[in-house]
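Try each task before reading its solution.

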Amino acid sequence: MFGTGLLKGLGVTLKHTLETFADDRGKVPDRYRDSIELGQGRRIINQPIDQEGLLTIQYPEEKRQLPERFRYIPMLIWDSEKNEDRCTACGICAKVCPPQCIWIVRDSDANGKPVTRPAEFYIDAAVCMSCSFCVEFCPFDAIKMNHDYELAVFDRYPQLVYDMEELTVPLEYYAALWPEQYAVEQEKRAKDEEEKKAQDEAKAKAAAAKAAAAAAKPAAAPAASSGGAKLSRAEELKRKAQERAAAKAGGDGESVPSPAASAAAADGEVDAKKARMEELKRKAQERARQRKAEAGE
Amino acid sequence: MSATLVAEAPDQTQTGTLADVLPGVLGTTSDDTDKAYLVAADKILDALAYLRDKEGYDFLSSVTCVDYQGYNGKQRKGISERFDVVYHLYSTKKGGGHVVLHAPIPSNDTIASATSLFPGANLQEREVYDLYGIKFEGHPNLRRILLWDGFNGHPMRKDWKEAYFDEDSKPFRSRHPKGSYEFHEDKLPWGKNATYPAGWDPDTWQAPVAYVPVSQAPKHLGEAHLDTESIVVNLGPHHPSTHGVFRMLTRIEGETILALEPEMGYLHRNHEKIGERNTYLMNMPFTDRLDYLNSMSNNWGYALAVEKLTGIEVPERAEYIRVIMAEFTRFVNHTWSIGFILNDLGALQTPALYAIEEREMILDLFEEVSGARLMCNYLRFGGVVRDLTAGWLTKARYLANDRLPRALDELDRMLTDNEILMARGRGVGYLPAEDLISLSVSGPMIRAAGVAYDIRKAEPYGVYDRFDFEIPTLPHSDIYDRYYIRLLEARQSVRILQQALADIPGGETVGFGDYASATLSQGFGSIMGGKGGYNLRPPEGEAYARVESPKGELGFYIASDGKPNPWRYHVRSPCYINLNALGPMSVGYKLADAVVILGAIDIVLGEVDR
């Protein structure tokens with residue numbers, strides 16, 4: 001009969017309406033079954049997979065419980081046990097980043113020698129596509145995904161270009177957001193550390209035995225301490241660098257520069273780089289100011 | 001161009017003989033993943049006609065172009081032509097693999113258009129013209145499609161650089177600790193760095209009067225001896241019926257459509273150029289953004305192409321996970337699509353909201369394993385990024401065995417017998433199956449025309465050959481069938497899900513590769529781990545892999561020169577190519593039907609415009 005299909009469809013709608021209404025009038029509507037109450041109508045909702053009735057979540061009063069693997073914008077981990085950044089400024093995250101939104105400047109010590117620590121670390125959150133590759137490929141567990149998704153600001157620049165201070169969070173924060181992964185990681189780290197310790201001990205033992213052997217020898221040569229070994233390693237690296245520089249200079253047909261001169265040159269280079277960075281930063285700020293002024297007019 | 005050509009040994013395989021009988025064949029590309037026939041540009045129509053008429057390759061799946069300027073690989077030794085137009089043909093009758101034709105383009109950048117043999121080449125040739133500047137002789141409507149008139153140059157050419165060009169390939173050195181970075185904010189291309197074509201002035205330029213093909217004289221004497229006039233009505237780009245920013249130019253008389261011309265490109269971002277500058281891995285999250293309802297299928301298509309090129313094996317459990325994700329995605333897409341067909345018919349929101357209730361639960365599951373609801377970025381070459389979480393399978397089984405079938409039954413009860421839906425849908429938007437195939441239409445659209453062609457059966461990938469499921473078909477090829485076929489396909493998806501969730505090897509979690517992190521094991525799969533695992537370098541060659549995405553045949557064509565960045569990365573987008581049929585399907589129906597006809601093609605503009 002004409003119209004039965006229509007009525008059947010309306011029946012489905014009616015059933016839906018009545019069921020939802022009944023569920024909503026219940027003591028605890030189905031959608032609040034596993035939720036955490038925060039008072040004043042605010043809740044964190046953990047939607048059960050078999051939930052019936054109204055599915056809508058009244059954001060922002062009600063928010064979803066996020067799964068551990070939720071990814072939004074990366075954060076940098078401050079290792080509160082060792083009191084240092086886990087980041088070593090190796091740059092792998094910047095390399096794998098698909099939109100290339102990470103920018104790192106490596107820190108240097110008083111002599112201008114680069115050290116394994118970032119001086120600056122920027123993520124342009126407006127460009128970040130939340131793919132989590134930086135996290136997947138970081139060999140130091142230094143960068144992880146944050147769950148904080150309420151990032152709205154009035155201006156993209158500079159507010160959405162996050163610097164190191166804004167990105168860094170203590171280890172405990174990460175542990176609270178990603179409890180399962182944190183536990184597995186800590187276990188692995190502890191194991192690795194133990195292994196390393198054992199290796200170091202074995203090495204130290206061997207060195208001690210060697211030193212003892214050397215001391216036992218009648219020769220008056222000073223015992224090679226581990227510090228001495230380190231120094232010689234540093235010297236070797238330096239020598240190699242000089243050789244490389246010499247080879248380069250030789251290609252140009254110039255005389256080999258003295259070690260002192262090359263060191264000075266390196267220092268100068270670092271200074272120049274720093275100056276360039278400063279210059280760039282200043283320029284960017286200037287441009288931002290200019291833009292703002294133009295926009296204001 | 002003899003250096004790359006392999007001496008033709010008359011072997012017994014079909015392809016071996018094909019090289020002898022194919023008109024204009026110059027040779028084949030040597031030991032490639034996907035063997036291609038080099039065909040002289042002036043003989044291309046003969047070759048295509050031969051393949052269509054004699055060999056049964058009736059489906060011109062993909063037409064694209066590769067720019068070999070600066071290519072250093074062995075493959076191009078001895079070939080001086082810069083561009084190759086590449087054709088991929090399949091057979092909907094026989095199923096199975098493809099035939100690939102490479103036609104080196106002479107220096108006047110011109111080749112004959114394939115539209116006379118395969119009308120489905122229409123949009124794809126326009127795209128090649130737009131992005132590469134190759135002219136197709138005999139094309140009925142060769143003008144830019146994704147870009148506008150004031151765009152200078154052809155951006156997919158290797159020598160084209162955008163404003164504030166950074167570098168040819170990622171990673172950019174400037175981002176590295178030693179580099180000097182500039183904020184993206186200061187690189188935006190509006191300002192003094194914009195360039196225009198020669199002799200083109202932005203101040204005096206006016207948008208051209210809308211081109212609308214006239215299949216009938218615009219002014220003529222009506223039946224009642226009244227002067228009538230057909231008029232142009234512009235639907236979109238900002239209109240909810242167009243499912244995004246898409247424009248339909250219609251010429252109507254009364255309410256009857258005389259001609260319809262799709263206009264697109266509003267969401268164009270040159271996905272393929274970005275893809276060429278990215279490393280192989282970096283492209284994965286970009287594929288999420290193509291058809292943003294189905295990121296899992298998109299990931300799979302791309303992963304499949306790279307795996308084919310590199311020869312990577314996927315562990316069995318990962319294959320099952322992929323199937324599960326893809327079928328959940330198909331369910332999401334089809335219910336979404338049903339809801340919005342009804343929306344377009346004027347049943348505003350109620351069916352749509354009922355239809356996407358279960359989507360919520362499925363997205364929760366996606367989020368739990370991958371960390372995101374839409375942009376999942378979950379698959380990797382050789383597997384998936386991490387294993388399922390504890391308890392995930394229980395929830396998924398509840399959905400597949402209980403909730404999803406129930407939801408489909410309810411949709412079925414609510415809509416299928418509905419008289420209004422029948423009145424609006426029956427007989428509207430009809431196009432016979434052979435026309436649809438020659439227009440390169442794929443997916444639910446041709447299955448609603450009675451063609452049982454599904455890549456999961458015709459050329460099985462993953463572990464689809466292990467599941468017991470059917471390809472539903474419907475005979476009428478109208479709006480109603482296109483609605484109903486999606487319901488039937490969603491039922492088959494549920495069927496596959498039930499089997500896959502029951503058979504998945506390893507149980508709840510396997511216990512290794514649970515987390516993706518370089519310090520733990522990295523990725524649930526084979527190759528992504530280790531130092532520098534992000535730097536994949538497939539061997540030189542090319543590969544085309546396709547999946548049955550919910551919208552149709554989603555193909556990825558990748559050409560590698562052995563470097564970390566793909567030489568060519570092309571997406572054969574089902575939404576885009578299915579739009580070939582929009583004009584022919586709409587002519588003769590009412591203007592209000594055009595909205596539903598578009599809705600029943602089921603497009604996502606992220607994939608149309610790329």
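The exercises below concern a predicted model, and each comes with a worked solution.

**Exercise 1.** Find the order of the strands in the open sheet of chain A that contains E6, and work out which strands stand at its edges.

*Solution.* Start with the order: three strands of chain A form this open sheet as E6-E7-E9, with antiparallel pairing. Next, look at partners: strand E6 (102-108) and strand E9 (161-162) of chain A each have a single partner strand, so one side of each is left without a neighbour in the sheet. Finally, check the link to E9(A): strand E7 (residues 114-124) of chain A is joined to E9(A) by two bridges. Asp124(A) has Val161(A) of E9(A) as its bridge partner.

**Exercise 2.** Describe how chain A contributes to its contact with chain B.

*Solution.* Begin with the residue counts: chain A gives 55 residues and chain B gives 51. Then turn to the elements: those of chain A that supply two or more residues include helix H2 (92-96), helix H6 (179-216) and helix H8 (259-296). The largest share on this side, eight residues, belongs to H1(A). Last, sort by class: the side of chain A has 29 nonpolar, twelve polar and 14 charged residues.

**Exercise 3.** Determine how H9(B) and H10(B) are oriented towards each other.

*Solution.* First take the geometry: the axes of helix H9 (residues 357-370) and helix H10 (residues 392-415) of chain B come within 11 Å and cross at roughly 165°. Angles over 145 degrees count as roughly antiparallel, and H9(B) and H10(B) are therefore roughly antiparallel to each other. Their crossing is left-handed. By class, the contact of H9(B) with H10(B) has nine nonpolar, no polar and five charged residues.

Methods. Residues numbered from 1 in each chain as written. Chains lettered and ligands numbered in written order. Predicted model: local features only at pLDDT ≥ 70, side-chain atom pairs only at ≥ 80, totals over all residues. Pairing = 2+ DSSP bridges. Helix = DSSP H or I, 4+ residues; strand = E, 2+ residues; numbered from the N terminus. Contact = placed C-beta atoms within 7 Å. Nonpolar A, V, L, I, M, F, W, Y, C, P; charged D, E, K, R; others polar. Axes fitted to C-alpha atoms, helices over the stretch in contact; angles between N-to-C directions. Parallel < 35°, antiparallel > 145°, perpendicular 65-115°, else oblique. Left-handed = near helix turned anticlockwise from the far one by under 90°.
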